[in-house]
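Trainee: Could you show me how to read a few features of a protein model? I'd like the general idea and then a real case.

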Amino acid sequence: MSSSDRPVVFRNGLVITMDDTHTIIPGGDVLVVGDKIEQIGTGLEVPEGTEEIDAAGGIVMPGMIDTHRHMWQTAMRGYGADWTLTQYFVWYYLESGKLFRPEDIFAGNLLSAIEAVDAGVTTSVDWSHGLQTPDHADAAVDALESVPGRFVLAYGNIQQGPWEWTNSPGFRDFVRRRIDHGKLEGFQIAFDVPGDPAFPEKAAFEAARELGVPVNTHVGVWGATNDNGVKMMYENGFMTPENIYVHAATLTNDSYSRIAATGGSVSVSTESEQSAGQGYPPTWQLRKHGIPVSLSMDTSVWWSADLFAAMRATLSADRSREHMEAHGKQETVTNHHLRAENVVEFATRGGAKAIGKDDKLGALTPGRQADIVLIKNDDSPAMFPILNPYGHIVYQANRADVHTVMVGGNVVKRDGKLVGTDLPAARAKVGATVDYLRGTLGEEAWQRGMNPQIPESEMFDNPYQYSDYEPGKADENIAE
């Protein structure tokens, strides 16, 4: 990634380094030279001609990292807001997902990549399981390479078994053409292990090992991928530190122990787990087993596409579970285990560790890549006072407060506006995809897919609901 020829310094901000000791520097400066962080401190002397960005009244933090996002589905933003996981599977896996053309993959990836950078997510893992053909895969990469952010392609194809497509000539040719000599930040293979005792996914794991790339897989998804899949991965020697396990919400202690023992990490998508039914967001379990955590937003067909929402939902869900567990024992929680500081780490350093880039991304230290986010909004009453910086990031700030974003020394968002990004063109491409899908499905099927049936609810009888109730006559109103 090319960088600016002119040094840049962020001046007088509250700097959240996320280094090994989580150093915080009030009134701090961050000097960027080329694509790297040159120096951090206060009152820094900078080279002549350095561009200065006024960070006073704001928080300077590392660029955030999303480790699991189905970017191609962004073309259908919000369509499945009322879906269950079953309805998602039916729509994308069995029915309408097959209709997506390469240009539709391009449109979704393009809009998703732009909105990631806009929200301060400087690195995204594209869990791209709509790649039915190499042409679809080329379109996905074309879109990612056209946006000034960092992207890891996790290649998947839900229309075929992973043992088939990972060993196809088209897939291997794609890897040679687009990955070995491409501009992406990384490459992974994305598939799931439902638990078939024959373990047909073994061939896909072997392909990943041959290519020397990690596997990113959904586990602990209620009714889909649970302990049997984890056990088969473990017994066949395919659980490695590079693996990313998504959701991990309905596993037993045995499976969590296997993940912990083999060094893998879990990508938690709290908004997804809360709504779709994979299981209760698992950080309350993961911290007991010492399993590293990163965050992800899953898919914009349902949920928000930023990690502010992910951090907020994750911290709240963990605390809710902690209170529930205590109340069940007639106890009271007096101190929270999971803190705002922890989830900010999940969204930054945790993501860097998960994708094997902890020496390069996820923290503000000299020598690391200059992926930097300035959260500042002088027009927002919620952006002052900033007393607890971690708490402010998690519970007060939002994507509208992302003032400046830098990726590899390049400013890609300045004063709240994207730089060098053709958003109108992206809108037009997504509009064409929506028109195509809506026209192909027909209006009745389109509306039915977006508005699933509401099940009947059983209402309890209310013993206090009487037509002859009169206030002030409590004894007379009691039913005999």
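This is a predicted model: local features need pLDDT of at least 70, side-chain atom pairs count only at pLDDT 80 or more; totals for chains, interfaces and linings use all residues.

Trainee: Where is Ser300 found?

Mentor: Ser300 sits in the loop that runs between strand E13 (293–295) and helix H11 (307–328).

Trainee: Is Ser300 buried or exposed?

Mentor: Check the relative accessible area: under 20% counts as buried. Ser300 has 2%, so Ser300 is buried.

Trainee: Which residues is Ser300 in contact with, leaving aside neighbours within four places in sequence?

Mentor: Thr74, Arg77, Gly78, Glu115 and Ala305. With Glu115 there's also a polar contact of 3.3 Å between the two side chains.

Trainee: Now helices. How do I describe a packed pair?

Mentor: You give the angle between the two axes and the distance between those axes. Here, helix H2 (residues 102–118) packs with helix H3 (residues 134–145) at about 25°, and their axes are 8 Å apart. Angles under 35 degrees count as roughly parallel, so H2 and H3 are roughly parallel to each other. Their crossing is right-handed.

Trainee: Which residues meet in H2 and H3?

Mentor: From H2, they include Ile105, Phe106 and Leu110, and from H3, Ala139, Ala143 and Leu144 are among them. The contact's residues divide into nine nonpolar, two polar and two charged.

Trainee: And what about Val125 in a strand?

Mentor: Val125 belongs to strand E7 (residues 121–128). Its relative accessible area is 0%, so Val125 is buried. Val125 and His70 are 55 residues apart along the chain, yet their C-alpha atoms are separated by 8.5 Å. Beyond residues up to four places away in sequence, Val125 touches several others, including Asp66, Val152, Gln188 and Ile355.

Key
Residues are numbered from 1 along each chain as its sequence is written. Side-chain values use heavy atoms; hydrogens and water are left out. Axes are lines fitted to C-alpha atoms, for helices over the stretch in contact, and angles run from 0 to 180 degrees between N-to-C directions. Helices (H or I, at least four residues) and strands (E, at least two) are DSSP runs, numbered from the N terminus. Angles under 35 degrees count as roughly parallel, over 145 as roughly antiparallel, 65 to 115 as roughly perpendicular and the rest as oblique. A crossing is left-handed if the near helix is turned anticlockwise from the far one by less than a right angle, and right-handed if clockwise. Contact means heavy atoms within 4.5 Å. Ala, Val, Leu, Ile, Met, Phe, Trp, Tyr, Cys and Pro count as nonpolar, Asp, Glu, Lys and Arg as charged, and the others, Gly among them, as polar. Buried means under 20% relative accessible area, exposed over 50%, partly exposed in between (1.4 Å probe, protein chains only). A polar contact is a pair of N or O atoms within 3.5 Å; within protein, one must be able to donate a hydrogen and the other to accept it, and residues adjacent in sequence count only if both atoms are side-chain atoms.
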